[in-house]
Amino acid sequence: MYHDLLALIENNKIKAGEKLPSEFDLQNKYQASRDTIRKALLSQNGYIQKSQGKSSIVLDINRFNFPVSGLTSFKEIASDIKGKVETIVHTCECIEPNEEIKKLLMLKSGTKVWYIERVLDILPMPKGRGFLDTNDTCLLK
């Protein structure tokens, strides 16, 4: 099922913004349990957006490739994009993270992180939030 759906998305048979078949329809088509269907849909990393109680929506697979690690700056990436590009930083502060972030980043108590909330003005780029540990390791959320 995963490969079938992936092929439909990659071959543009199901276009960005369109809904996938319902979980019920997929259960009937593939004779699989609801749990199996959900796992397959969740494994479509970067291809769909699943909202509780709503259909799965296909995302644009030709979106910008923004490397988190390495030596490529956003300015270098932006030079390849036609049109106006602007980064608007709403929040940038050093904070003590909550327990969820400490666990995610495997931090010791008392360790602070940089909390950054920013908007990249590249239509249709969504808002982004991220956390940097004090060693400047970026983990986007």
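Of the 141 residues of the protein chain, 25% count as buried, where buried means under 20% relative accessible area, exposed means over 50%, and partly exposed lies in between (1.4 Å probe, protein chains only). The model is a predicted one, in which local features need pLDDT of at least 70 and side-chain atom pairs count only at pLDDT 80 or more, while totals for chains, interfaces and linings use all residues. Residues are numbered from 1 along each chain as its sequence is written, and side-chain values use heavy atoms, with hydrogens and water left out.

The overall layout comes first. The protein chain has five helices and six strands, taken as DSSP runs (H or I over at least four residues for helices, E over at least two for strands) and numbered from the N terminus. Along the sequence, these elements follow the pattern α-α-α-β-β-α-β-α-β-β-β. With contact defined as heavy atoms within 4.5 Å, 43% of the contacts in the protein chain between residues at least 6 apart in sequence join residues at least 24 apart.

Helix H1 (residues 2-10) makes a handy place to begin a closer look. Leu5, Leu6 and Ile9 are its buried residues named here. Viewed down the axis of H1, the buried residues fall within an arc of 100 degrees, so they line one face of the helix; the arc is that of the directions from the helix axis to the C-beta atoms. After H1 comes Asn12, with a positive phi near 60 degrees.

Salt bridges are next. A salt bridge is counted when a side-chain nitrogen of Lys or Arg is within 4 Å of a carboxyl oxygen of Asp or Glu, and this rule gives five of them. One of these pairs Glu23 with Arg34, whose closest N and O atoms are 3.0 Å apart. This pair links distant parts of the chain, with Glu23 in helix H2 (residues 23-30) and Arg34 in helix H3 (residues 34-42), 11 residues apart. Glu23 counts as buried at 11% relative accessibility, whereas Arg34 is partly exposed at 45%.

Lys102, placed in helix H5 (residues 99-105), deserves a paragraph of its own. At 10% relative accessibility, Lys102 counts as buried. Its side chain meets that of Glu96 in a salt bridge (3.8 Å, N to O), and that of Glu99 in another (3.3 Å, N to O). Lys102 and Glu99 are separated by about one helical turn, because they are three residues apart in helix H5. Beyond its neighbours within four places in sequence, Lys102 is in contact with Glu96, Pro97, Leu107 and Ser109.

Finally, the cysteines. The structure holds zero disulfides, a disulfide being a pair of cysteine sulfur atoms within 2.5 Å. For Cys92, the closest cysteine sulfur is that of Cys94 at 9.1 Å, which is too far for a bond. Cys94 is likewise in no disulfide, with the sulfur of Cys92 as its nearest cysteine sulfur. Cys94 is partly exposed, having a relative accessible area of 35%.
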